[in-house]
Structure formats: C-alpha cells, structure tokens
Amino acid sequence: MTQVSPLLFLILVPLVASAFIFVGSSARRTALIASLVNLVFVLALFAVFQTGDASYQFVSSTPVIPSLGIALTLGADGLSLIMLLLTALVTVAAVAVARTPDKNAGWFYASLLFISAGGLGAFASIDLFFFYMFHELALIPTFLLIGIWGSGDRQAAAWKATIYLALGSFVLLLGLIGLYLIQPEGSRTFDLRSVISMAGLGVLGDGTWVYLLLLLGFGILVSLFPFHTWAPQAYASAPPPAAMLHAGVLKKFGLYGLIRIASPILPEAVTQFANLLLILLVGNLLYVGYVTISQRKLDWMLGYSSVMHMGYIFLGFAALNVFSITGASLLLFAHGLSIAALFALSGELRERTGTLDLAEFGGLAKPMPFFGLLFGFASFAAIGLPGFVGFPGELLVFFGAFAGGEPLMDSVNGVEIFALNNFQIATVCAVWGVVISAIYMLRAYRRIFFGPVSDRWKGLPEISGVPRVAIVTLLVVMLVTGFFPNLLIRLLASTSLWL
Amino acid sequence: MNTLIAPWIILFTPLAAAAVILFVGRHSKPLSAGLAIGSAAVGCLLSWWLFLQPDPEEVLRFPWIAIGDSWLQMNLSIPIGVTVDHLSKLMLVVVTTIATLVFTYSIGYMKTEEGYWRYFAGLSLFLFSMLGIVLADNFVMMFIFWELVGLSSYILIGHYFRKDSAADACKQAFIVNRVGDFGFLLGILFLWAATGTLMFGDLTSGKGIALFAANPIYLTVACLLIFCGTVGKSAQMPLHVWLPNSMEGPTPVSSLLHAATMVAAGVYLLARIFPILEAAPHALDVIAWIGGITCFAAALMATQQNDIKRILAYSTISQLGYMVLGMASASSADVSMFHLFTHAFFKCLLFLCAGSVIVGMHHEQDIWKMGALKNKMPVTFLIMCIGGLALSGCPFFSGYYSKDLIIAWAVVKYPLLGWLSVATAGLTAFYTVRLLTVVFLGKPRGDQAKHAVESPLVMLVPLACLALPSFIAGYPFIEKLFFHVEEPTAVPHLLHPVLLFLFAVGVVSAFLLYRNAEKDPIFIPLFANRLYIDNLYDWLVKNIQGRGAAVLSWADRWIVDLFIVQIPSKIVWGSGFVLRFFQIGNIQAYAFFFGLGVIGLVHFLIFR
C-alpha cells in the first residue's frame, strides 16, 4: 500500500523528539512539546474518525517479512482511538510533572518518550508481531527508569519487575506464536483482521492452549492475582512519571490484548475457562482489596489499588458481552487517567514532604487546599463516584457480568429456586469491591489531608504551574467523559469487536 | 415557562451555583451566600408553581448511556430524565422550601466560621443531588444522585476537617452509606436482570410486576436489596451509626441534610417503588421489623444522650423508623409521606433552634451546661416548644396527625410492632420534654448559660417561618391539599386514648424528673452507650477487618511473593550475570541487551 497512515507519525513524533534530545535539544522542553503535539494529533484523529464505520481506519501496511505474514500494519478503530487518547494524555501529564534529574536528563526524558511511542505503537498495531514488539519497546525504558532514577529499594524492584514482565512477555510470545501455528498452513499471518475472519470461518485449529498461554502472559503483565506482587513494589520505587505511564498506559496493554485478540478469536476457550478467570479476578477484587486496606504507605496503597481495579476490567472481559466489554473499555480509559493523576499527586507530595508514610501526615488540606481538592477529586474518581468516567465503566461491567453466563433457572422440577450463577456471584464480589475501595481511599485521604496539622507541614507550598495544569486536565477529561459517557460508547459501538 | 423545562431549571440551577462558587466564591462572602440562596429560591418558586400545575403529559429525556446491538439482541438504554408526578412535586416543594430557609439561616450561623464559600458550594451541590433523587425517572439516575448526596454529605460533615472527630465522622458516613449502596446497586441489577428495564414507570406498572410473578423469592430478594439503600441513607438499624456522628457538621447542615431532607431520601425511594413492594409481602415484613425496631431502639438511646444535637439525631432515626414502618403497613405510600412532610418542618425547626442555642452558648452542646435559657433566649424557647410538641405528638400539632396515622396502620397490620411504636410515642414525649426542660428551665449550670444571648434576626426569621408549618402542617385542610390518606378500618378503640395517656405520662414524668436536676438522675449504661452497637462496629473494624487485612498483607509479601517471585528470581540472581549491569547502572548496556533480545527474537522467528 502506498498510503502512509497518520498513525505512523504519531509513533514517530516521540522517537524523533528523543533523537533531538540526544543531539542537544533541551530535554524537558522537547519532550513536553512532542507530547503536546501528539495530543493535538490524536484529537485531530478523533475529529476525522468516521463513527459509523465498524472497520479499522487510517490503515496502512508495509510488508516486513512477507514469507511469515509479518507487516507493519497500522490502523485504529474506536477502542484503539480511546487508548491512543489515554496514552497521549498520560504522556503529557507524566512529562509535565517529571522532575528533571541532575544526571542523564536526556536519557530520562527519552525513556519517557520511548514508553509513549511503544504504547502508541502497540495500540495502533493491527499486526500482532508489531503489537508485541511495540510493547517490548516500552518495557525496557520502564525498567531503566525504575532501576536508575527510582527511589527506595529500586534495584530489587526493577529486578523483580524485569523478571516478571519478561516472563509474562515470553509466555505471551509463545501464545502469539501458537495463534500463528493454529492457522491453516499456507495462509498463516500475524494480521489480526485476517485471523479474526479465519476464526469466523471456523478454519482455526484447537485454540484452548493458545488461550491459556495468552491469559497467563497477558495476566502477568496486568498483575492478575496471584501474579501481582511485582506491581506495588515497582510503582512504589518508580519515579512518578514512570509509574504514571506504566500503571496508566502500559499495564492496559494486557487487557487490551485480551479484549482485542481472545474475545473475537477464541470465545469458546474464554467461556470454557471462565470459572478459572472468575476465581482469579475475585482474588484481585477481594484479596488484593483487603491487602490494600492494610497498606501504611501511600505509594504502596496506590500500587495495590491499581492491581485491585484490574479485577473489574477482567470481569468485563470474562463476561464477554457487549455491555461488559464496553464497560471494560471505559474502565481502561478511566483507570488509566485516575491512577496517573494519583501517582502524579503522590509524587508531588513526596517531593514536598520527603515521605509517603500515612502515619506521618495530617491536616495537609490547611496549607495546601488546592492540592487537597485535586487529590480529593482524583480519589473519588478512582472509587467510581458518578460524574467521573469510572462510574459508567463499572456500572456497565456490573450490568454485563450480571447478565453473563447461563441465565437463572426459575424452577427445578416445578419447585421455585433462587440461585446465582458464577458470573453473578463474581458480580456481587465486584460490587463489594466498591465498598472496599471507598474504605482505603477515604482512609488515606483522611490521614493525609484531615485532622490537626502539625508544625512540620505548616509551610508546605501549594501545587502550581505546569503540574497543576496537567493534573487538572486529567480530571476535566474524566469529568467530561463521565457526564457524557456516550461520547466514548458511540466510538466503541462501531469497533470491530462485535463482529 | 412551561412544565417541560421547569424541572430541569430547578435541578441544574444549584449545580451552576455550586460551580460558580467553587471558582469565584472565595473572594466574596456575600456572593457565595447570595448565589446559593438565589438558586434555592429560584427552585422554591418554580417548585410551588409546578406543584399547582397539572401533571405534564410528556417530559424531556436525554440519553446518558445507550448501547444497542441488534445482532446480539442486547439493549441497554439509561436516560437522564425527570418524573413529574404528585410524589416528586410534593418532595420538590418540601426540599426547596426548607433549603431556602436553611440557606438563609446559615448566613447568621456561619458568619464567623472558616470555609464560608466551601460551605455554600457544598450546600448547593447537596441541593442539586437531592433534587436529582427526587426527579429521577429510573433506578440508575437515582443511584447516581444517591451517591452524589453521599458526597455532599461527606463534604459538609467534614466541614471542620481539622477536628479529628469531624474527619472520622465524614469518612464513616460515606463508607456506611456505601455499604447500603452495595445492596441498592445489587437490587437494581436483580430487577433489571428479571425485567430488562430500569424505568420506574415500566417497573411500577402492572406489566413490570407481572414479570416477577414467576419467581416471588427473586422479587423478595430484589426488594430487600433495594431496601438496603434505604437502610443506609435513612439510617435504619443496623446502619444507623453514621447519623449521630454526622452531627459533627455545622448545625444548619444537620438540620437540612441529616434531619429534614437527605435522610428522607430512603423513605422517598420506598414510596417510588411502592407498587413493587406491595407485590412482595415477605419483603414488607422484613421492612416493617427493621423500621419498628429502629423506631423503638433509637428512642431508647435518645433518652440518655447529653449532646443537644445527638438527642435530636436519635430522634430523627426513630422518626424515620416510623416512616419505614408506615411504608410496610399502610395501604398507600402517602401515609408515610405525610409524616415525612410534617417531620421535615418540625425536625428542621428543632435543629435550627438547637443551632440558635449553640450559637447563644458560644458553641457549647452539652445540655447539662445549659439551663434557664428561656430568660435569655425567649424567642428560641417559644419556637422550640412548638417544634418539640409537634415531635412528641401533642394534639393539635402537626406530628400528632401524621404519626398517629402511621401507628394506627401499624397496629392493624403488625400488632406487636404497632404497640412497640405506641410505646415509642411515650418515649418521644419523654426525651423531648427532657431536652426542653434541661436546656430552658431550671437554673443556669455554667457561665456560658448565664451569658447566653438571643440569636440575630437572620436566624430567627427562618425559625418563625418554620414554626407555622410545624404547627399546622398536619391539619386536615393541608393534608387534603397534598395527600390522599385514609384511616385504616378496625382500629382498636383503645389506641387513641392510650396514645394520649402515654404522651401525658412522658411529658409529666420528664418535667418532674428534670425540672431542678443538676445532673441526670437516671443513668442506664445500655442506652447511654447506644446499645453498644458503635463499640461492636469499632471492634469489628479493628479486629476483624484490620487484622484480617494485615494477615493478608503479610501473606501477600511472604507467601505469594516468595513462591511466585522470590524463588524464581533468586535462581536467576544466582547466575549473577545480569546483576552487574544493574549495579553499574550503565544505560548503554541495557540498550545493548535490548537490541540483543530483539535480534534473538527475529532470529527465532525466521530460522526456527
């Protein structure tokens, strides 16, 4: 194809900006400009996107290894577009709140830009090979950011995350290769659209084991219980922009992949192993939820809370219907923004106080009322308060999951019974998760911002300047999409997910 | 103006006011107060106008979530729309009228307090949320505003956030309400799964109910789950603990939210779904028991409290218990709505009077430090007596008509609970007169009581405005205007004489006991400690939730992490190969290894 997709520019902008940084351009300014350019670019794509059209748009394809069916195929439908917007927004915010390190500032900002490019590339790829490669491209700088510019026991954290995510990626790679191998010989390809149409024709081989590999691989990347312990530690040690980009954007890659690949191609396998996934995701919601309650440090608590919230999205995926997957997609967006805002704020807090130990705080709303207001907004957004986009997301997941599985039986042998199927039981657990998240968020908020203020914190400076604008932007986007969720739902309705 | 647009103006004016106050309010106190009061007054005028119009034929409705999929045969459409019927119009009138008066009163009460703009922004947000509940035409919309009411309550209870007690109270209120909302949301899911609709109109019509006929157990469970929302918001047992603690907020907030309007939302919800409840008699039994027990137990607790606002808070819980009991026993929702209506006026009045006393006493709330205030604050005393008599069911005062009606229905349908509620009526008279006697009669018990002063006019005028409806709101001519209630048939003849007798016993015994008391002559630890329910919850949260979570946290770090991460990673560590690069922190090395990995991958794919 001769046409060049505008999505390619989207991926190239951060890479080119990194090159500029290496040849001596001012690192912070270049990174900020590049991320803003990308944000404007994504918004322009929204403007020209045809909502009624269910196929991929802005498609271009460049064969790379034709014999293997690998091509750099880019394209976007409604779901990809939403993820691209998320990536662009979080990148702007991450660069905006980043504190320029004393040494290797160029490498620091270049790493952030590489993560952004990797995320954008993964969400814009239709070719599964590049989908995978772009994610790998984003992981490496994440390890670097944690290992070099992190805090606390950063090397152990980086090491643990590396082993974990490398393992997840490896299993995922096996799964993708498996997906390649179950295609009939001669027409094997990595093009997602072709694989989906083959699945529709029923020419694929048995995909059960492929699904299990994908679930394990993606599951590790998304911190599915019990493969989650790397996440809180990594986020606690990571510099705030890295935590924002990973928890906000990169971690969504796994769920995005499951929704993108497993639900249209391997729906039977998803249904077959639904009970397994339900048990694990209830582990995310309840077990990790209670672990979150007992955290004594804000960064660990936020890390665990992000693990817990993945449970809702997994539930949306597992139920595999139009409501639940729409809800899961909204939550990908909502959680990405809210956790990015929270990590940004906790980074600002550490910058001011030198600690994130909840027991040391108290009454900070007095010296920093606007900071407290922003943190309050972000907390309530995270716990799914109506008005923020997380609420319609959670709501749709609940509706979809409650309607999932086999319908209720009204009577057995003429005797009326009352029973819930496994999806409905998981939904009950998920709704209880809403209470759990209120407990830990409000407890942290109360300890940090309410109560008498000690002399130690009386002179704390208010949040201002570029970070303030960036965080307000994240919150405004969550509010606008929360008031008008149909803006996003309309896009999702016309994705190729339901074909 | 037409009936199509008026409800939307009523709904969104307060939100606009809240937003403007949030942005510019901190610069000007009069602007903050003016915007809030103005928006409430606009809502009040329009509500009365709307009340006098016939029910509109059609209403505006906007899609909020619309997912349709013809191929999968699944549709979900959740609109934001309004219901304009008798019930919602009545509630609009009550909410906006009382809100306007309380907002005005707040000018005086909050004059010297910090966070003036924050306070008025919170009040406006509350009004918006409450009106949303009233006007909602479907369950999800009601749930949205239900949660927003919880948020505004959180903001307002936590107004004095630097006080530890207020900070804890607002957190507790939000979380306890969320526990109720857990059930509420599940109930919504149950109803939707069975009927495929969320609209009140569809569900409460015969068609919606008929869908449940196949499985009455399912319907009962669904109704009880929805009732959990009421238990949380209307502070029924066992989720009542947040309401007394919410008294940490400024007194006008207690008056408007935690006595007159917000806590009535749960009762309003029951009224909205009354036809569904009627089809689930077993659910009604449970509701009746919860209401009846709450009504009696809260009255017992009220007799032994010493904080002026907490006495009123327990009284509120008790009265809400009456309303819930009434919903379960009467033939029409109007019976409880009638009590909600009169209670809104007199309880709001009582709280505003308490606020006047507290301001006069320089923010002292312990009734045993007051005394003889009738000489210092005669207007407050007189008006509070009207409120107190209405509350305790004195003949010819509003509460007498509405409460006795509920009791009559309860005695007919649930005799045991009915007579319990009769006994509660005597307790109500007792604790009300105890409050009035200790605060206003006897001798001053401290310096503050000696130097108390009457409140300014901006506080007294709203009091006077509320005194009139507190007195007459129960009279038949008003009842006929707003409600269609009827007496149950076959009421025991003894009922009314017994009620009058208990009223007299309560009044006289409290007066005699407390007339000259220096400290409380009765001490019943069980009641004074609120039946130890709060202690039980504290224990559960600390020991079960806290320790359980700590154990899980330990397990997560030392078991899950150990087996799934540490041991595999130790094995790789052992090689010590990659470790060096982390210690050096050599970026080029990482880049090199990344490149190596990519090459290896491509190699694997091509030459496998």
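Reader: In which loop is the place of Arg530(B)?

Author: This is a predicted model, in which local features need pLDDT of at least 70, side-chain atom pairs count only at pLDDT 80 or more, and totals for chains, interfaces and linings use all residues. Residues are numbered from 1 along each chain as its sequence is written, and chains are lettered from A and ligands numbered from 1 in the order in which they are written. Arg530(B) is in the loop between helix H25 (525–528) and helix H26 (533–575) of chain B; helices are DSSP runs of H or I, at least four residues, numbered from the N terminus.

Reader: What is phi of Arg530(B)?

Author: Most residues other than glycine have a negative phi, and most peptide bonds are trans. Phi of Arg530(B) is near 55°, a positive value. Leu531(B), in that loop between H25 and H26 of chain B, has a positive phi near 60°.

Reader: Why does Arg530(B) count as buried?

Author: A residue is buried if 20 or more other C-beta atoms, placed from the backbone, lie within 10 Å of its own, exposed if 12 or fewer, and partly exposed in between. Arg530(B) counts as buried because it has 21 C-beta neighbours inside 10 Å. Leu531(B) has 15, so it counts as partly exposed.

Reader: Which peptide bond at Pro226(A) is cis?

Author: The bond from Phe225(A) to Pro226(A) is cis, with omega near 0°.

Reader: How many residues of chain A are in contact with chain B?

Author: Contact requires C-beta atoms, placed from the backbone, within 7 Å. In chain A, 62 residues are in contact with 57 residues of chain B. H18(A) supplies the largest share of that side of chain A, eleven residues.

Methods: Two residues are in contact if their C-beta atoms, placed from the backbone, lie within 7 Å. Helices (H or I, at least four residues) and strands (E, at least two) are DSSP runs, numbered from the N terminus.
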